[in-house]
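Please work through the following exercises with the sequence and the model at hand, taking each solution one step at a time.

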2 protein chains.
Amino acid sequence: MSAISRCGCGIDIHAHVVPASFPLYMGATVPADWPSMADAKPCHKHVMMAGRVYRTVSDRCWDVGKRVADMAEMGLSLQAISPMPELLSYWMAAGPANDLLRYINDQMAEMIAHSEGRLVGLGAVPLQDIDRAITELHRLKHELGFAGIEIGSNINGKPLGSPDFEGFFAEVAKLDMAVFVHALRPCGMDRLVGPAQLQQVLAYPSDVGLAAASVITSNLLLRHPRLRIAFSHGGGTLASLLPRLQEGYQVFPVLQESILESPSQQARRLYYDALVYDDPTLLHLIAKFGETQIMLGTDYPFAFHDRTPVTRAASAISDETTRDLVVSANAKRFLGIGEHVAQ
Amino acid sequence: MSAISRCGCGIDIHAHVVPASFPLYMGATVPADWPSMADAKPCHKHVMMAGRVYRTVSDRCWDVGKRVADMAEMGLSLQAISPMPELLSYWMAAGPANDLLRYINDQMAEMIAHSEGRLVGLGAVPLQDIDRAITELHRLKHELGFAGIEIGSNINGKPLGSPDFEGFFAEVAKLDMAVFVHALRPCGMDRLVGPAQLQQVLAYPSDVGLAAASVITSNLLLRHPRLRIAFSHGGGTLASLLPRLQEGYQVFPVLQESILESPSQQARRLYYDALVYDDPTLLHLIAKFGETQIMLGTDYPFAFHDRTPVTRAASAISDETTRDLVVSANAKRFLGIGEHVAQ
């Protein structure tokens with residue numbers, strides 16, 4: 001354990017980026033959610049959307065030097081960066097959204113270029129317009145050299161297992177790119193009682209769990225077995241849903257007919273981050289989803305991020321082989337980078 | 001294990017009832033969802049609502065003799081019966097809903113009277129009208145001798161932790177009645193991809209998890225520490241949500257201020273059924289929620305019910321004390337019936 005915690009060999013697949021600034025929108029009508037940055041306390045800026053502060057973020061969102069220094073402290077050799085999810089802008093008209101996401105992807109490419117190999121990219125594509133999304137996907141792969149993309153747990157309320165995204169996922173599989181699914185504008189908001197933070201604490205994992213379930217019930221991975229999809233926050237609530245989905249599959253003939261491989265097996269085709277803040281829960285996920293499917297994730301640099309991902313995994317997981325898989329080997333396979341590990 | 005599986009000593013807190021028939025509505029306008037029964041295959045009837053078959057159910061929904069015989073097969077000495085959740089009718093005008101629920105409660109009382117002590121009642125109250133709900137609550141307690149009530153995981157979309165229900169829960173606590181929370185008209189329906197059965201398989205546990213979380217974030221059990229609330233389907237997704245809620249509580253000052261006892265501790269004040277169809281998941285729930293808080297639940301007599309609740313618990317739980325708690329002692333305490341076990 002002490003060796004692994006000192007080695008600086010961890011790979012974090014869940015870390016976010018906000019550019020230091022946004023261009024003014026050049027079109028005729030500025031979209032309501034077009035973001036801008038406003039000064040805040042030292043080393044911080046307000047992300048402004050629709051005339052309000054959406055979130056106040058630290059300069060670690062865009063400062064590569066500070067990020068790389070923090071990574072060393074956290075025991076990380078590599079981080080896959082993705083946009084702050086709200087920037088995915090699926091609700092914006094496709095034209096301006098495409099402009100915005102291209103800008104963000106270019107900013108991420110700049111960060112990666114200055115990271116001396118410490119960062120790889122999970123870019124953004126405008127999924128409200130599949131053709132534009134596929135065009136940007138190709139640019140991410142062939143021009144910017146990104147490892148994959150980040151997508152929301154739903155696209156304007158549509159589940160990821162919807163047939164609407166079939167062509168898009170086929171293209172992702174063809175291009176051999178990784179997909180990181182992050183919670184976004186979740187369902188169940190009217191079920192919360194308390195401060196606004198409960199959105200990310202409770203509704204986010206609920207939406208991610210249903211997203212993963214929709215990928216299973218739609219057999220997406222059976223049609224595209226090489227597709228690599230990872231779910232944030234340990235798959236959210238999927239671990240709680242899965243035994244009941246498995247039982248339903250065994251009990252209801254209509255589910256037996258429509259789900260073409262058992263949910264428990266399909267769940268082992270998906271990837272998950274280890275961001276669950278609890279050792280017994282992490283071990284439960286490893287047992288349920290497989291030791292080859294779990295990877296470090298931190299949510300860096302937001303307030304709610306895990307500052308000790310490697311030591312946490314090292315102390316939770318006693319089996320050395322499993323620990324190595326979770327700390328780095330699974331992420332290499334997911335991201336499609338060197339030293340592939342056989343599945 | 002063999003001793004406990006033969007003893008017929010299990011108590012099932014999650015089992016449903018549909019009356020054999022419903023009266024015609026006597027008012028001026030029949031509410032759209034007023035139920036009726038139509039003939040189906042032998043020993044079955046269609047429950048008709050809004051002119052359509054809501055569900056086809058077996059006569060085990062109302063036949064006490066068959067139920068008691070099945071209970072013996074299942075190793076159960078006692079069953080707490082509650083209405084098929086859709087009958088709770090929160091969306092109906094309060095007047096006719098009150099008439100309907102009084103009728104259902106009276107039918108349940110008849111079943112209990114004919115059960116030779118094998119059944120106890122978890123009745124229905126019209127929560128769309130708190131005054132009427134409290135009136136019926138008193139009738140359930142003082143006239144019908146019920147152990148408690150069944151309520152939905154939301155009341156017309158309102159979470160259980162809403163201040164709107166404060167007065168009602170205060171009255172429940174005062175009357176020392178048990179509350180069984182069952183999934184009903186869940187959120188997240190637009191996130192499902194596949195047959196209609198996915199509502200009960202995936203959306204039900206999601207809604208129950210958020211319902212339990214709202215009870216925690218609203219500190220309901222701190223204001224009414226003697227309130228006994230049980231959540232169906234093992235608390236749904238709560239086990240997945242809880243570590244993140246606990247971490248959020250530790251990280252966000254605003255959650256630290258609004259949640260008055262840690263979520264992990266509050267979760268141990270709630271009860272849960274063991275209806276999760278998976279031994280490792282059941283053991284995980286026992287570890288997270290406490291061995292004093294989990295009870296058998298079967299969903300009898302619906303298609304998706306657990307036919308071997310006692311042997312399942314007996315084979316999953318190696319510790320004899322814990323097994324006795326889960327099989328019967330916790331349910332006695334929850335239902336407020338003899339042989340109380342110290343908490």
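Predicted model: local features only at pLDDT ≥ 70, side-chain atom pairs only at ≥ 80, totals over all residues.

**Exercise 1.** Describe how helix α3 and helix α4 of chain B cross.

Solution. The axes, lines fitted to C-alpha atoms over the stretch in contact, of α3(B) (residues 94-113) and α4(B) (residues 130-142) come within 11 Å and cross at roughly 15°. The two helices are therefore roughly parallel to each other, a term for angles under 35 degrees. In the contact (heavy atoms within 4.5 Å), A94(B), G95(B), N98(B), L101(B), R102(B), N105(B) and D106(B) of α3(B) meet R132(B), E136(B), R139(B) and L140(B) of α4(B). These residues divide into 3 nonpolar, 3 polar and 5 charged.

**Exercise 2.** Classify the ring pair of F22(B) and Y103(B).

Solution. Over all chains the structure holds 18 aromatic pairs, that is, rings with centres within 6.5 Å. For F22(B) and Y103(B) the centres are 6.2 Å apart and the planes at 50°, so the pair is tilted, being neither stacked (under 30 degrees) nor edge-to-face (over 60). Finally, F22(B) lies in the loop between β1 (10-17) and β2 (36-39) of chain B, and Y103(B) in helix α3 of chain B, 81 residues apart.

Residues are numbered from 1 along each chain as its sequence is written, and chains are lettered from A in the order in which they are written. Local features need pLDDT of at least 70 and side-chain atom pairs 80 or more, while totals for chains, interfaces and linings use all residues, and side-chain values use heavy atoms, with hydrogens and water left out.

Technical notes: Axes fitted to C-alpha atoms, helices over the stretch in contact; angles between N-to-C directions. Helix = DSSP H or I, 4+ residues; strand = E, 2+ residues; numbered from the N terminus. Parallel < 35°, antiparallel > 145°, perpendicular 65-115°, else oblique. Nonpolar A, V, L, I, M, F, W, Y, C, P; charged D, E, K, R; others polar. Phe/Tyr/Trp six-rings, centres within 6.5 Å; stacked < 30°, edge-to-face > 60°.
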